[in-house]
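My notes follow the structure.

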Amino acid sequence: MTDNQLRFKMALGCNRFQKDSAVLAIVLACVLCAPCASRYRRPHRYEAQLESAAAAAEEEQWFIQRLDHFNGAETRVWKQRYFVNDTFYRPGGPVFLMIGGEGPANPAWMQYGTWLLYAQKLGALCLLLEHRFYGKSHPTEDLSTENLRFLSSRQALADLAHFRTVTAETRGLTNSKWVAFGGSYPGSLAAWFRLKYPHLVHASVATSAPVHATVNFPEYLEVVWRSLAAENPECPLVVKKASDTLVERLNDPKTYDNITKDFRLCSKLQIQSKMDSAYLLESLAGNFMDVVQYNEDNRAFEGVVGTNITIKVLCSVMLDSSLGEPYDRYAAVARLMQSTFSQACINTQYKSYIQDMSNTSWSGPEAGGGRQWVYQTCTEFGFYQSTDSPNQPFSGFPLHYHLQQCADIYNLSTSLDDAIQQTNEEYGGYDIRSTRIVFPNGSIDPWHALGVTQDITSDLLAVFIKGTAHCANMYPARAEDLPQLSLARDHIFIMLQKWLAE
């Protein structure tokens, strides 16, 4: 998806940068491959999603899935992709099911990640199921809005249920205890799978899971402010000055040539509507949003590029007066990101973005996940990271800007209140009621604002990890990990041991 999608639009994916580089991301959302793809805003434009030779060697398998689980008259089926790692499996051991999200399922997760350490200790069989309509799992002939009606969290959960039932029967695992894993949107699915199908899944680890749907999510940028301020209290103040200056200059066409040059835009800046300016402002703010969300996460195994760009790096640039005024430093950050990812320029034309997002072909520029994920935000979740709060550093992309995309891309209503209410009625939002679910979240991760950060019951546990970002506990351990991150991983394992004994 392009640079302007829902962060994580959760997932890491395509970007508005020129698509002539090998580092073009193909996912959206945690971007990251499926298990932590939540870039809810848009896919991480910088995540290359380049599979390692070892990961590429993983054998993809296919499951015959139902197109519509809620219409008995609908008999069409399709092939859903999944991966298997039975290296650690011991007869009688549990089954770990990693849930795919808003991007291609990355087989690197079959060789790396904290869940495999748990599997080794517990003798678990590991499965990764790709989410319908993402990656190679194509339920329909194209991505028309008519066909996207089969894309929803409810259908995805029913996919998991059917996959679990049939796989248990065919592999002789009907008496095994199943545990669901996921990060970001898949983290929500992991929790909801346990909620809706408690007879099929014994426990869930729902990492960085935004379980509460909301149309407007200005709190995301409030957390960005606090995360920058934790590095240096002056940092978000300078970012705000820079953003405000840019907004002022956008009101004067005489400044457009300089803006085009300063930020290395692919074509001369043209502002013909508020959507044009909002798209540009969101794109540039995304440099900070992306880095904060994944600050210092150990994601290199997924083929992610640019993990060396951290909050510390961004703030050091923004506080360097030798680079000029705050506006100049803001432009320097944009150029730093482009240089880091070998991008010649950025495309900030809203019209081009809508054209790409409206392409319904599986070979289209946003078929990696952008078109699909934004559809889900328009019909189920919202999650729009607007600048509507005064307690954040950016300006110029209010809620209306996000809602208008639902109409411009899919010809859907810009009123999402009923859809979001239905989602929270379906799953409970913050008030989820179930058992044997653990909710890990990081304090730096803006998505924790929509997650469970305090224990609900003794069997619905929150693990709030100070100083960590999105899905940090899922990634492979390393020597420089914060002590509280290591303790969190251990705590989750202890809970799994306890629950599997029940």
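I began with Cys345, which is buried, its relative accessible area being 8%; buried means under 20% relative accessible area, exposed over 50%, and partly exposed in between (1.4 Å probe, protein chains only). I note that the model is predicted, so local features need pLDDT of at least 70 and side-chain atom pairs count only at pLDDT 80 or more, while totals for chains, interfaces and linings use all residues. Residues are numbered from 1 along each chain as its sequence is written, and side-chain values use heavy atoms, with hydrogens and water left out.

I next looked up the partner of Cys345: a disulfide (a pair of cysteine sulfur atoms within 2.5 Å) joins it to Cys266, S to S 2.1 Å. Cys266 lies in the loop between α7 (256-262) and α8 (274-293) and Cys345 in the loop between α10 (326-340) and α11 (350-357), so the pair ties together parts 79 residues apart in sequence. Helices are DSSP runs (H or I, at least four residues), numbered from the N terminus. The S-S torsion of Cys266 and Cys345 is about 95°, so this disulfide is right-handed. Cys266 is partly exposed, at 30% relative accessibility.

How many disulfides does a search of the whole structure find? I recorded 3.

I then examined Cys235 and Cys315, whose sulfur atoms are 2.1 Å apart in a disulfide. Cys235 lies in helix α6 (residues 234-249) and Cys315 in helix α9 (residues 311-318), so parts 80 residues apart in sequence are tied together.

Finally, I noted the disulfide of Cys378 and Cys406; both residues are buried.

Methods
Helix = DSSP H or I, 4+ residues; strand = E, 2+ residues; numbered from the N terminus.
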